[in-house]
Amino acid sequence: MSKILLLNASPYGDRSRGHALAMEVCSTLLARDPATSLIERDLGPMSHQPIIRDYADAIIGRQDHGVPAFTLSESLIRELEDSDHLIITTPMHNFTVPAALKLWIDYVLRHGRTFGNRDGVKFGLLQDRPTLVIVTSGGAVAQPGALQPDHLTDYLRDVLATLGISNVRFVYIEGPADEAMTAARRVIQGDPVFR
Ligand SMILES: Cc1cc2nc3c(=O)[nH]c(=O)nc-3n(C[C@H](O)[C@H](O)[C@H](O)COP(=O)(O)O)c2cc1C
């Protein structure tokens with residue numbers, strides 16, 4: 001059975017435009033293969049689980065994966081490991097990922113668990129899988145003429161690559177106009193995996 005993991009980093013939860021587009025994609029995938037299941041994780045509540053000293057000590061001290069400080073981290077990693085398709089929907093917040101998604105990253109990227117390090121070069125320990133990142137923003141980000149810096153796209157691409165996930169495409173809903181949604185939908189319709 002195939003599993004889709006949908007991570008939603010918008011503070012608007014299921015009222016966000018990114019979530020609406022992600023659900024359109026999920027409906028298509030579910031209709032294509034009825035044996036597919038969908039796991040949805042709203043990352044909003046992550047903001048109440050900041051990185052604390054116990055977790056930092058466990059990371060820096062290379063503690064055993066089973067220690068209590070890794071409980072949340074382990075459950076997020078297992079959820080990711082279990083997925084065949086990953087969809088991340090995230091707003092841009094001040095040119096980069098919102099804090100909720102950054103926390104998910106800090107809990108999921110763990111040396112010796114999800115990535116290794118050979119001669120200072122990090123490499124992923126997870127299976128690659130088709131991944132779609134839907135980015136929503138108040139203004140232009142990726143289209144020609146965008147005037148603001150984009151510290152989200154390359155950052156998130158590097159994070160996913162460090163986990164071993166490089167089969168990644170980014171789709172942008174740039175600005176509040178309906179046309180932004182239509183343009184993003186058109187890009188997805190051209191994608192062989194997520195259309
Ligand atoms: C704290 C904060 C920072 C933001 N920073 C940016 C930004 O740097 N660039 C931008 O285009 N929009 C920015 N926005 C607008 C959000 O990207 C926009 O609200 C979001 O895309 C809405 O999409 P959603 O409905 O999927 O959550 C910001 C919004 C908030 C709340």
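Q: How do strands β4 and β5 pair?
A: In the antiparallel sense, over four bridges. Strand β4 covers residues 115-118 and strand β5 covers residues 121-124. Keep in mind that this is a predicted model.

Q: Which residue in β5 stands opposite Gly116?
A: Phe123.

Q: How many residues sit between β4 and β5 in the hairpin?
A: Two. Asp119 is in that turn and has a positive phi of about 55°.

Q: Switching to the ligand. Which residues come nearest?
A: Ser10, Met92, Asn94, Phe95 and Gln148. They belong to a set of 15 residues around the ligand.

Q: Where is Ser10 found?
A: In the loop between β1 (3-8) and α1.

Q: What does the side chain of Thr136 have 3.0 Å from an oxygen atom of the ligand?
A: An N or O atom.

Q: OK, the pocket itself. How much space lies in it?
A: About 170 Å³ in the largest pocket.

Q: How many residues line it, and which lie nearest its centre?
A: The largest pocket has 14 lining residues. Ser10, Tyr12, Arg17, Pro91 and Thr136 lie nearest the centre.

Q: Which elements give two or more residues to that lining?
A: α1 (17-32), β3 (85-91) and β6 (131-137). β3 gives the most, with three residues.

Q: How do the lining residues divide into nonpolar, polar and charged?
A: Nine are polar, four are nonpolar and one is charged.

Q: Last topic. What domain does UniProt place at residues 2-185?
A: "Flavodoxin-like fold", again from an unreviewed entry.

Q: How much of that span is helix, and how much is strand?
A: Residues 2-185 are 35% helix and 22% strand. The end C-alpha atoms of the span lie 23 Å apart.

Technical notes:
Residues numbered from 1 in each chain as written. Predicted model: local features only at pLDDT ≥ 70, side-chain atom pairs only at ≥ 80, totals over all residues. Heavy atoms only, no water. 1 Å grid on protein atoms, 1.4 Å probe; cavity = no way out; pocket = protein on both sides within 12 Å on 5 of 7 lines; lining within 4 Å. Points joined across faces, edges and corners; volume = space filled by probe spheres on them. Nonpolar A, V, L, I, M, F, W, Y, C, P; charged D, E, K, R; others polar. Pairing = 2+ DSSP bridges. UniProt positions renumbered as here; feature names shortened; annotations may be inferred. Near = heavy atom within 4 Å. Polar contact = N/O pair within 3.5 Å; in protein donor to acceptor, adjacent residues only side chain to side chain.
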